[in-house]
Amino acid sequence: MKQVNQGGLKLWEFDSFAGEEGITHFVTDRDSGNDGIAFTLSYSSTPDKAAVARNRKRVAESMGTTEDRFFLPSQVHKTRIVHVTSSTTKAELLETDALITNEKGICIAVMSADCVPILLYDKKNSAVAAVHSGWRGTVARILEKTLAEMHLRYGTIGQDIIAAIGPSVSQESYEVGGEVVEEINKAFGEGSGLLIPVAPPKAKLDLWKANVIQLKAFGLLPEMIEVSNLCTVINNDHFFSARKGDNGRFAAGIMITN
């Protein structure tokens with residue numbers, strides 16, 4: 001990943017997506033506005049709703065679209081997936097953790113502050129997805145289910161997808177308790193290599209690898225999977241982290257342009 005300035009905003013972009021002419025994408029920085037004020041995209045993160053509205057409008061404009069065509073779901077760590085169109089309403093985005101679309105000029109995004117934001121681009125069928133995957137979503141295989149939904153709606157197959165795993169908590173910074181360890185072992189098997197044991201029953205969890213496993217199982221080529229390797233805890237000067245006590249949320253989004 002690298003930092004870019006787009007539309008007057010400090011943003012991040014994935015190397016794998018940067019050269020693709022059919023899409024535009026972004027990951028916001030906590031100082032995307034370049035004014036030193038926390039650039040949060042979540043209405044629940046601050047009493048200053050007007051500031052969030054301005055931030056969303058600025059991101060939409062930086063992508064070359066309008067605020068009414070910029071879609072962010074109300075995330076609840078479950079597996080509801082919404083196919084977004086120009087007529088999709090805000091009510092349809094409640095309790096949703098993944099968005100997909102094949103319409104041009106619609107920017108879909110998810111918010112994060114340690115959970116894994118994942119962007120997908122089906123080059124052949126011109127379709128995109130934005131997925132929010134914390135440990136609950138990862139255990140419930142929201143990414144796998146999003147890929148299956150893209151296959152059902154658009155004919156997406158693994159070899160046609162580019163995937164990008166955005167800034168999120170790294171294994172080094174992510175110690176989890178016995179409940180999470182048990183759920184990970186149930187979902188992926190005890191030999192998955194996703195956990196590094198620490199003081200029993202705790203372990204350090206690799207959410208990045210858990211989502212790469214789901215991508216590869218769908219048939220993605222390893223070279224088509226980009227992992228940012230940017231930990232939100234370690235790189236807290238750029239990205240919000242709930243583990244560091246932040247209320248703000250950054251966003252990662254993608255849009256079909258032609």
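**Starting in the strands**

Select Leu119 first: across from Leu119 stands Ala130 in S9. This is a predicted model, so keep that in mind as you click around. Now extend the selection to strand S8 (residues 116-122) and strand S9 (residues 127-133); the two run antiparallel and are joined by 7 bridges. At the turn, the hairpin of S8 and S9 has 4 residues between the strands, and Ser126 there takes a positive phi near 50°.

Is S8 enclosed or open? It is largely enclosed by the rest of the structure, because 7 of the 7 residues of S8 are buried. Colour the side chains by direction: Val116, Ile118, Leu120 and Asp122 point one way, while Pro117, Leu119 and Tyr121 point the other, and all are buried.

**Into the cores**

The largest nonpolar core has 37 residues, and Leu120, Leu205 and Leu215 have the most contacts inside it. Another core lies apart from it, with 27 residues, including Trp12, Phe14, Ala113 and Ile254. In soluble globular proteins, nonpolar side chains tend to be buried together.

Which residues does Leu205 contact, leaving aside neighbours within four places in sequence? Show Trp135, Ser170, Gln171, Tyr174, Val176, Val180, Ile184, Leu194 and Leu195.

**The six-stranded sheet**

Next, bring up the open sheet of 6 strands, ordered S1-S2-S3-S15-S7-S4 with mixed pairing. Its edge strands are strand S1 (2-6) and S4, each pairing on one side only.

At the S1 end, S1 and strand S2 (residues 9-13) pair antiparallel over 5 bridges. Zoom in on Gln6, which sits opposite Leu9 in S2. Their hairpin has 2 residues between the strands, and Gly7 takes a positive phi near 60° in it.

Jump to the S4 end, where S4 and S7 run parallel, joined by 2 bridges. Here Phe71 stands opposite Ile108 in S7.

The largest pocket holds about 890 Å³ of space. It is lined by 39 residues, and the closest to its centre are Ser42, Pro73, Ser74, Gln75 and Met111. The elements giving two or more residues to this lining are strand S4 (70-71), strand S7 (107-112), helix H3 (135-139) and strand S11 (175-176). By type, the lining divides into 17 nonpolar, 13 polar and 9 charged residues.

The second largest pocket has about 200 Å³ of space. Select Gly33, Asp35, Ile37, Ala38, Phe39, Thr40, Thr46, Asp48, Ala51, Arg54, Asn55 and Arg58 to see its lining. Those residues divide into 4 nonpolar, 4 polar and 4 charged.

**Last stop: Lys186**

Finish on helix H5 (residues 178-188), where you'll find Lys186. Is Lys186 buried or exposed? Its relative accessibility is 60%, so it counts as exposed, the cut-off being over 50%.

Terms used:
Residues numbered from 1 in each chain as written. Predicted model: local features only at pLDDT ≥ 70, side-chain atom pairs only at ≥ 80, totals over all residues. Heavy atoms only, no water. 1 Å grid on protein atoms, 1.4 Å probe; cavity = no way out; pocket = protein on both sides within 12 Å on 5 of 7 lines; lining within 4 Å. Points joined across faces, edges and corners; volume = space filled by probe spheres on them. Nonpolar A, V, L, I, M, F, W, Y, C, P; charged D, E, K, R; others polar. Buried < 20%, exposed > 50% of the residue type's maximum accessible area, 1.4 Å probe, protein only. Core = buried A, V, L, I, M, F, W, Y, C linked by side-chain atoms within 4.5 Å. Contact = heavy atoms within 4.5 Å. Pairing = 2+ DSSP bridges.
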